[in-house]
Structures are given as structure tokens and as C-alpha cells.
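User: Please take me through the backbone features of this protein, one point at a time.

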Amino acid sequence: CTDTSPGHFATTGSTQQTACAPGSIAPSANMPACVLCPKGNSAASGTACEECEAGTYAASEGLSQCTLCPHPLSSKRGGVTCSICKEGFYLENSSALPDEIFRFPTEHCKACPLNANCATNTTLETLGVPRNHWRASLLTTEIHECDASDHCSGSGDAADTGSSRRLAASDGAGPGCDLGHTGPLCEWCVSDEQYFSRAERGCVDCPTAGRFGVLAGVVVALAVTGVFLYRALARAEAWDRFRARLDIVESQVGFQPKFKIVVSFYQVVATLGPVYGVRLHEDFTRWMDIMDAISFDFLGLTYPDACIGSMRARLLISALWPCAAFLLIAAAIACHAFAQWLLSDRTDNLRRDLVRATQSRLIYWAILVAYLVLPSVSRSIFKARQCESFNVDELTGDRRSYLVADLDVLCSADDDEYRGLDAYFWAFFVLWPVLVPLSFLALLLQIRRDVRAQR
């Protein structure tokens, strides 16, 4: 008797050895029978089973070769089925059963979304997000490029879709953001002592409170200087001649109406975006950036919004500072009239003239202040309703909206801060965008005869 060779078998009384059938092996000599390769393996030779390569599978025992996974599926090494997605695709629902994935591969494996990296066996939760990109949750394929921030870290933990407010950061960083940054597109700061600066493309420290004192001092100094210059020039004969020439030029050219037209045009264009949601082309708006100096945005020109406090406090300051400014002007006009009265002979005729003159000046300044600040104040008021929405669940289609002016506020009735803005918004909406233009209309109707007479 002779020994059988590996890869062969022989039963008792056989006169010759028999090679193992495809898919079975005889790993050693003197095997009475061949052994079938288990699932996930194949037998290219009769001596050893080999695991299926990644991207192939063996669903049953005794296979001579592994089968390629159908598009767009793949498998791990030694796979018995294809239940993961190949490179360039992701598994939409990670809780799907392997058999369901294999039977309906195109329903479960979706093409890799824009701005994402999809290696083999990528799921919706494990999408590769490159740096300088951000997504609102692990269950969304909406990946946004961070245009204003340099602190989007890309892949990593994303938003907790179960929380109502998402900006609570752990370890000093928000989901998908670098240290110190959080919120949508990483444009909010973890620290209350910082604000997000688009110029710096990140969080910077808030200015000190002394900045208000410096600005107030500058304003007072300019006002006092202007008063002294006016009184000094008023006594000079050259100033009288200059004013006479200026009046002649004004009557011929008409600077005041042209200036009003330019300012009114800017006010309309500046209001289209935040109030009506209309976006003009950058080539059209770029040349108007120089006119931002006359926007009279008190908060924007003096102190970063996020450093002032809650959205409610910002709304109050934005809507009421023109009223405070007018009251100061009115107090100055009244004091000037009272001083004139004290220094005069205090006759009744003079008193009536001073009262009429004071009333005219108050109306003039009220119209001027309201005309100049109406667009900026209206924009600030509408910021309480300007929200940006992000998809947070691809399967259910759920979205989450954030207040653009304060990314710590959700645009939802469930958010106490947002719900508390309703009364302020409607009160100031009626006061500024509604009553102020109606007051202008009433004044125009009152003087329409005089206007027509000067045509």
C-alpha cells in the first residue's frame, strides 16, 4: 500500500488515489475523504482553503472560487455575503439587515455626496468630511463649505440631533470645530468673552467696556469743536461771502435733492437682502461698500453684536438708540431756546417766536434722524426673524433652523429665547417699518399744496 498525496483521498481497497473535487481539500496525506471549504472560503487547490478577498464572497460551503460582489456592494475579507458599500458609496441606513442590503443594493448604498470622502464600508454616520467643511449632524449628507471660518475640523463628532440647543461644547470645542469654536459652520464662540470675527475668520476677544467711553468722548469732543467752529465762522465776513456763494451753487445744482436720491437708493438696496431675502450680484453691490459708512448701524459701528448680550438686549438697543439720540438733540434745542429767552427782554411775542422756532427745529431733526436710521434699524429688527436652516436627518427630512444674528438661538417655538423675541419684534416692527413711513406720508400730505406751488 502507498500513501495518498495531499489534495487526494482514497477509500479502503482503492487501487489509486482520487483528486479532491473543486471546493474541497485534503490538507495532509492519507486522507480517507476530502473536506469542504467553509463559507467565506474557496479552494483553488486541493490542499488548503483560502479566505475570499475583500469585494468577493462565498455564501456556501465547498466553493472553488469566490464570487464578486454586485455593484455597488463590497465585503470584508472572508465574507459570506456582501453587506457593505464599496468605495465611492455609503450605507444610508446602518440598521438595515445584511440580507436586505444584498437583495436591494442600490436602495441602501448611495453615491458619495459632494464634499465627502467615502472609503469602503462607509456609513452615513462615518462619512469622511474634509477640513474646512461642516455638517449639522451625523445623519445628514449636507456638507457645507466653511466660507467665513478657518476652524471647521471636518470629520469627527457632529451635532447631537436629539438636543434642542446644540451649542454646548465639550472639551472647549463644538462638534466638527476646532478648539474654542462651535455652532453652525463653526461661526460661534464657546467663550462668552469672545465673538466671531469674519475679518479674522475666527473667534477673537471682545473689546473692553471702556471702548464706549472713548467713543462717547470722541463724539462729545467733535460736537463741542463743531459748535465753536460754527460760532467762530459765523462772526467772520469771509464766511458770510462763502455761504452766499454756496447758496448760489446749491440753487443752481441742487445738491440736497441729489444727496437724498443717493441715500434713498442705498437704503432700498441695503434693505432688499435682510428684509426681503433678495440677493443682488456681487458686481453690482461691490461698488456700494463705501456707502456703508452712512448706514448708521449703531451696534455694528461701535461694538460687536455678540459681545453685547442676548438677542433681546441687542434688539432693544438697536430700536431705541435713535429715540435716545433725538431726546438728547431735543434737550439741546430746548436749552438753547430757554437761554435765548433768559437773555432777552422776555416779551410774549419773543416767547411765541421761540416756541414756533423750537417746534420747527424739533420736527426737522426728528425727520432727519428717522430718515437716516430707518434702514439700519429696520434691518436690525428683521434680524430677529432671519434664520438659516440645516438638514439634520437624511431619512426623515428633519431640518433645524438657527437665528443668523445669534446662532445660540433655534428658530423654533420650543426655544424660550426665540419665543421671547415675538413681543419685541412686533412692537418695533409697528414702530419703525410701519409708523415711521406713515408719518412721512402724513407730513407730505399736509404740505402737498406748498410743494405743488413750488413746481
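User: Where is the place of Pro72?
Analyst: This is a predicted model in which local features need pLDDT of at least 70, side-chain atom pairs count only at pLDDT 80 or more, and totals for chains, interfaces and linings use all residues. Residues are numbered from 1 along each chain as its sequence is written, and side-chain values use heavy atoms, with hydrogens and water left out. The peptide bond from His71 to Pro72 is cis, with omega near 0°. With strands taken as DSSP runs (E, at least two residues) numbered from the N terminus, Pro72 sits in the loop between strand S8 (67-68) and strand S9 (73-74).

User: What is the relative accessible area of Asn115?
Analyst: Asn115 has a phi near 70°, a positive value in a residue other than glycine, and lies in the loop between strand S12 (109-111) and strand S13 (133-134). Partly exposed is the class between buried (under 20% relative accessible area) and exposed (over 50%), with a 1.4 Å probe and protein chains only. Asn115 is partly exposed, at a relative accessible area of 30%.

User: What is the relative accessible area of Asn132?
Analyst: Asn132, although not a glycine, has a positive phi of about 70°, and is found in the loop between S12 and S13. Asn132 is partly exposed, its relative accessible area being 33%.

User: Over which residues is the pLDDT below 50?
Analyst: The pLDDT, the predictor's confidence in each residue from 0 to 100, averages 83 for the protein, and 85% of the residues score at least 70. Where pLDDT is low, the predicted coordinates should not be read in detail. The stretch with pLDDT below 50 is residues 157-171.

Terms used:
Contact means heavy atoms within 4.5 Å. Helices (H or I, at least four residues) and strands (E, at least two) are DSSP runs, numbered from the N terminus.
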